[in-house]
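Hi everyone, thanks for having me. Let's walk through one structure together, with the sequence and the 3D view side by side.

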Amino acid sequence: MNKNVSCLLYIFILLFTGCEYQVGDNFIDVEKPAGEIEMSVELTADNDGQKIVISEESTTIKYNLNTSGHKLVVCIFNMGEKQWIEKAASGVFVINKGEVPVGNYTLKCDIYVSSGSGSIADQTGMENYLGTYSWPVEVITYEEPAYSLTYKTNADGYLELSWEKPLLNESIFDYYRVIGSSLDVKITDRDQLSYICKSHIGQSTDYQVSVYFKNGRTPWLLGYANLPMQYPEITYDSSDPDSLQINIIRPYKSVMNIEYDRKLLVSEYAADFIRVPYAAFGASNPEMVVEVVPWDKADRVFGANIQKYESVQASSGILIAPEQNWARYGYNVQEDIMYVSSYGEITNWLWPDIIRYKEYKGPDGNNVNNYALSMYNSRMAAAHNQTIDVLESKEMQHVRTIKLGNPYSFVGAMTFTKDDKLVCLVSSLNQTVLVYRMSDGALENSFEFSEYLNAYNASFSSDGRYLCCENGDRSGFTMVILENNRPVSMKKMDLSYSGLCMNPLNPEQLIVSTNGKIQVYNCRDLSLVHSLDYPGMLVSNVDPKTGFLLLRGSGNVKVIDMKTNTVLYTKEVSSFSECKLYGNVLLSNTGYALHIEKYLKK
């Protein structure tokens, strides 16, 4: 693409001399005329103010000679190996760039005029004045620049584009043109080599700058730049127990409209952070929409806005299962370690500081259905559909994988016994209990129940001596009593209830919520031990470390000290969240963990 520049250069250089001019081979040495005359050359050529610039394939240079009335004999221009001989006082000569290599040159001009003395030599054209002039010349090849625009965020926070000053004279310069998305600006100051774009707030934009000429020559493209999309960066600070701080870093000076949980929270907001109240504990993450617009309304042209949609971790606590896919939990009271999985990967966390420690993924990568954690050592078992991974200590060292094989399709409840056996209830045509020795992983014992038991809603006591299987409609349950890992009796209770759990610190106790009361039953004979009044609350679990009972109501949970029948803590929770309490850390099935010890009533 040819880039043309045209300007007017006036150079007045006076050189006064008497001289001889050789015409053909007939040269006569005569006396030099006395005195001096004034001569000058006026050139019209493309230049940058310091030198002539040859950028066209064919460049025409106009000249006009002032000889003070003396007759022009000849005018000779020389540049490199090229020569142009002119015999008119004004005219043009053409420089073809293809004949002159790219580089720096000197254009010389020798002007011969008659002396005007009237002498015979003058009359025969052999007595002349000589004027010599010269100009620096640069021959350039113009190519479209590749991403030659530079850009930065200036001290005021705006986008600033910059470009280099083109090689041309101010006399033919018309304007710079800056084009971008919804932007078309003319700059008439030749020395202004930057533009501050206040409408740019991070949107993906192609910018280009061209220079236009007064003589209609094809504009020069000075450079272009592609700016990729830059969304605002959003981070969270949950150190405050009462509200969540949302930090929003914008790449350029701008303001925001923030919509939170489908409600407009603020508009024209300029600060870098905002506080919002926590959602109920365990709530699924509400959506936040951050719309970024230019600071000044005058700059809010079409397309000058960015919207970022963010799923906000608005529940109090720490998200330890980011997938929020009905997290499975297992707590080892001996090491104060929490195991969590929402898919096939298991992570463990140091309690109660909730610090991520290790990850483990089984060889088959299947989802974890449930856990068994020993009350007596650091052993842990993770059940998949037809396999059980046995791990050791918080380092999650793989001990072995137990493969159930057909016809078993699902591993239900599991527990470790005091004599280091793993007892499992598995689903098949008839529900079966399998007993494995942990010393070598061998199957030590198995037995089938003659009647159907619900393996999907079953739980062992912490010592493995009782197995409680719930009816699917919560109309009652069956308690299986085991001795030496074999069933010795079964007891049924018809009772409409809302929740139940075993007491890990007292394996003889079954805790049931029914008819507005919390009933504690003896597992061996299902006799009522004692009763607590908590209308509208249902049993979640007993903390295996503290023995505190967690109850869940409509939109809240309560932590109860069963020894004193005291409510130690109440917390608003999501209506869809199921919660557990382990080591004074409250957990939701959506993956949140909140250490509540400092909030417990003393």
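How many disulfides does the structure hold? The answer is 0, where a disulfide is a pair of cysteine sulfur atoms within 2.5 Å. In general, a disulfide is a covalent bond between the sulfur atoms of two cysteines. Take Cys468: its closest cysteine sulfur is in Cys469, 6.8 Å away, and that is too far for a bond. Cys468 is also buried, at 0% relative accessibility. Cys197 is another buried cysteine, with a relative accessible area of 1%. By buried I mean under 20% relative accessible area, while exposed is over 50% and partly exposed is in between, using a 1.4 Å probe and protein chains only.

A quick word on where this comes from: this is a predicted model, so local features need pLDDT of at least 70, side-chain atom pairs count only at pLDDT 80 or more, and totals for chains, interfaces and linings use all residues. Residues are numbered from 1 along each chain as its sequence is written, and side-chain values use heavy atoms, with hydrogens and water left out.

Now to the strands, starting with β12, residues 159–162. Strands here are DSSP runs of E, at least two residues long, numbered from the N terminus, and two strands pair if DSSP finds at least two bridges between them. In general, strands of a sheet pair through backbone hydrogen bonds, either parallel or antiparallel.

Which strands does β12 pair with? One is β11, residues 150–153, antiparallel over 4 bridges. The other I'd like to show is β15, residues 194–197, again antiparallel over 4 bridges.

Next, an open sheet of 4 strands, in the order β14-β13-β16-β17, with antiparallel pairing. At its edges stand β14 (183–187) and β17 (220–227), and each has a single partner strand, so one side of each is left without a neighbour in the sheet. On average, neighbouring strands of this sheet are turned by 15° against each other, direction ignored; the axes are lines fitted to C-alpha atoms, and in general angles run from 0 to 180 degrees between N-to-C directions. Strand β16, residues 205–213, is joined to β17 by 7 bridges, and Tyr207 stands opposite Ala225 of β17.

Tyr207 turns up again in a cavity. A cavity is a set of points on a 1 Å grid over the protein atoms alone where a 1.4 Å probe fits but cannot get out; a pocket is an open set with protein on both sides within 12 Å along at least five of seven lines, and lining residues have an atom within 4 Å of a point. Grid points are joined across faces, edges and corners, and a volume is the space filled by probe spheres set on the points.

What about the largest pocket? That one holds about 1,700 Å³ of space. It is lined by 48 residues, with Tyr329, Ala458, Ser459, Lys580 and Tyr582 nearest its centre. Strands supplying at least two lining residues each include β50 and β51. These two, residues 579–582 and 585–588, pair antiparallel over 4 bridges, with Cys579 opposite Ser588.

In general, most residues other than glycine have a negative phi, and most peptide bonds are trans. Ser68, however, has a positive phi near 55°, and Ser393 has one near 65°. Ser68 is partly exposed at 37%, whereas Ser393 is buried at 15%. And Trp351 and Pro352 are joined by a cis peptide bond, with omega about 0°.
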